Amino acid sequence: MKTLCFAFGAAVLLFLCGCVTHVKEINLTGDIMVDGPNAIANGPPRDKVLWQYRTAVAAMRRGNYQMSKEMLDHALLTLGGIYGKDKNAQKARSYFAEESRKTFIGEPYERVMAYYYRGIIYWMDGEPDNARACFRSGQIEDSSSEGEQYQGDYVLLDYLDGLASVKLSDDGSDSYKRAENLCKNFRKPPAYDKNANVLFFLEFGPGPRKYATGRYREELRFTVPPSPVHSAVITVEGRTITVGPYDDLGFQATTRGGRVMDHVLANKAVFKATTDAAGDVGIIGGAIAAQSRDHTTQDVGLGILAAGIVTKIVSGATTPAADTRTWDNLPHYLSFAAVELPPGQHTATIEFLNRDGQPMPNLTKNITINVPDDKHDKVVFVSDASVTPQTI
Amino acid sequence: MSGCWELQSCGQSVFIFMLMNLISNKYCAPVFAMAVAGIVAGCASTGVRNPSGTNVTEMRPDETGFVAGTGVESQDLVAVTDKMARSILGIPQIARAQGVPCVVLDPVNNETRFPINKDIFLTRIRVQLNSKAAGKVMFLARDRMVALEHERDLKRAGQVTANADPNVVEFKGADYFLTGSLQGMTTRTSTGTSDYVLYAFQLIDARTSAIIWEDSAEIKKQGLEDAAYR
């Protein structure tokens with residue numbers, strides 16, 4: 001009987017060893033332009049969109065818009081087709097799998113930014129209607145949170161929706177009014193100038209990060225590092241344009257409202273705590289009973305002890321931790337400015353200003369802009385993390 | 001991370017196994033079985049879905065595939081353009097035209113929230129009309145004017161041969177403009193996303209600006225993502 005028991009045990013062990021799955025490990029170099037493509041090609045598929053997001057914005061800051069476009073197109077395909085049953089998402093809701101098992105598409109503010117960046121590139125490519133479509137999709141993504149008070153409240157998305165409409169000879173006044181009403185914390189955006197043919201999309205400061213709190217790290221929280229940059233100044237052809245922020249991603253992340261997944265994780269945490277406590281009771285109670293001189297009580301005690309251990313294992317296997325994968329190279333603030341420039345080459349200098357309104361010389365960017373004479377807008381994307389000089 | 005957890009679980013199973021051997025009594029077997037069941041349940045694969053991929057599945061462009069969103073998709077394109085092509089052929093200005101009317105495609109205006117290749121709608125309507133009603137309408141390649149003008153200039157300059165007098169204007173003028181718009185309406189709540197798209201197309205008389213034909217198609221789609229994404 002003992003031999004049989006050992007043999008069975010060995011078989012179970014072998015079975016369990018086979019159960020271990022190789023998780024793809026990728027060696028990170030710290031250079032996003034290396035790590036991103038590597039992680040997309042060789043990393044876990046569930047993190048693909050996360051790396052596509054990160055690589056896309058890094059590529060934009062380096063002026064590699066083609067790469068950025070490809071990354072965002074792939075990411076948005078995943079994002080747009082997330083409806084219905086998804087086995088990984090289903091597993092992420094189960095007691096014994098972490099939330100991070102699901103395919104990453106990001107929290108609403110991250111999804112919005114994917115559409116925002118793709119919109120900028122569409123506009124760059126002379127497709128303001130598709131850019132407008134992206135800004136509209138972005139605003140819709142911001143309306144997904146449960147019981148959220150601040151739904152679809154990106155000033156810039158509505159403002160740019162209206163501007164694209166004006167450029168397409170449509171009426172953008174409704175969008176402008178919405179943008180104006182949404183603008184509560186910052187200076188209101190200027191009225192549309194249809195002739196402004198050079199569009200500056202600015203961003204600065206470090207974006208929000210995710211972390212988990214709670215006994216089992218089941219509560220998703222956001223931290224927003226303070227931005228050293230508070231505004232920017234664009235100098236081009238002797239004109240100086242001061243640009244303040246219109247949208248604050250920190251505000252967007254922290255006012256997202258509740259998630260259905262928060263309830264799921266809370267339930268997982270309760271289950272984990274309950275089974276853990278039951279396990280403790282079983283082990284202690286069983287151990288005490290096992291000390292008895294009465295054989296029956298001893299047997300029952302050992303059974304309870306074993307059941308307690310099993311319950312502890314089940315508790316240990318329960319994973320309520322929130323998914324803290326973060327699109328970690330997003331900015332803090334989004335801004336925009338439009339100017340009219342004649343066709344030809346122009347040099348623009350963008351200075352980022354600190355809280356006191358003083359330029360931060362290490363962040364100054366120089367961009368050579370070739371304004372076309374085909375009536376198309378010239379789109380200039382500048383981040384405080386942009387690599388310049390750039391010629392576009 | 002999950003791989004580490006599984007190793008830990010396997011370690012726990014060794015512990016249980018040893019414990020069960022030490023505690024050899026009638027309660028051992030069911031408890032051991034429970035332990036194994038618990039561990040195996042927790043050991044559910046951390047692997048990826050379809051690790052070997054999915055075979056390429058050829059689908060008809062007018063059927064809804066297993067990859068679907070609430071946006072504009074191929075089945076919508078096929079349904080809408082088929083309807084428009086049939087509708088255009090039925091109007092008297094085309095069906096009983098004296099000559100062959102010349103039509104120019106004017107880009108569709110995309111007012112939805114879905115970025116699309118807007119030319120694809122008119123391209124498919126043109127292809128449908130040309131293939132199913134050849135000779136009833138003639139489409140002018142205005143999108144190729146730069147190349148056409150360049151060729152004409154070469155002929156005028158005598159740099160290439162010409163079968164006719166290149167100084168005579170032979171580029172045809174449009175009798176009609178075929179254009180359209182895509183407009184959308186979206187609702188997003190905790191119960192899902194609903195997208196309605198109105199595809200409206202028009203044939204406009206180039207001389208009078210009268211809209212001589214207009215037809216539309218409507219498609220509404222709804223979807224709800226897994227609770228893990230909400």
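Because the model is predicted, local features need pLDDT of at least 70 and side-chain atom pairs count only at pLDDT 80 or more, while totals for chains, interfaces and linings use all residues. Residues are numbered from 1 along each chain as its sequence is written, chains are lettered from A and ligands numbered from 1 in the order in which they are written, and side-chain values use heavy atoms, with hydrogens and water left out.

**Chain A overall**

Chain A carries twelve helices and eleven strands; these are DSSP runs numbered from the N terminus, H or I of at least four residues for helices and E of at least two for strands.

| Property of chain A | Value |
|---|---|
| Radius of gyration | 27 Å |
| C-alpha box along the principal axes | roughly 100 × 40 × 40 Å |
| Accessible surface | about 16,700 Å² |
| Distance between mean positions of positive and negative charges | 5 Å |

For scale, a compact globule of 392 residues would come out near 21 Å (radius taken over C-alpha atoms; the rule is 2.2 Å times the number of residues to the power 0.38). Carbon and sulfur atoms own 54% of the accessible surface, computed by Shrake-Rupley with a 1.4 Å probe. As for burial, 55% of the chain's 392 residues count as buried, meaning under 20% relative accessible area with a 1.4 Å probe, protein chains only.

Beyond residues up to four places away in sequence, Phe200(A) touches, among others, Ile234(A), Phe336(A), Ile350(A) and Val380(A), where contact is heavy atoms within 4.5 Å.

**Two residues up close**

Gln252(A) belongs to helix 10 of chain A, residues 249-254, and is buried at a relative accessible area of 2%. Setting aside residues up to four places away, its contacts include Tyr109(A), Asp142(A), Asp153(A) and Asp247(A).

Over in chain B, Leu89(B) is part of helix 3, residues 74-89. Leaving out neighbours within four places, Leu89(B) meets Ile94(B), Ala95(B), Leu129(B), Ala133(B) and Lys136(B). Its C-alpha atom is 41 Å from that of Thr189(B), 100 residues apart along the chain.

Notes: Buried means under 20% relative accessible area, exposed over 50%, partly exposed in between (1.4 Å probe, protein chains only). Lys and Arg count as positive and Asp and Glu as negative; His and the chain ends are not counted. The place of a charge is taken as NZ of Lys, CZ of Arg, CG of Asp or CD of Glu.
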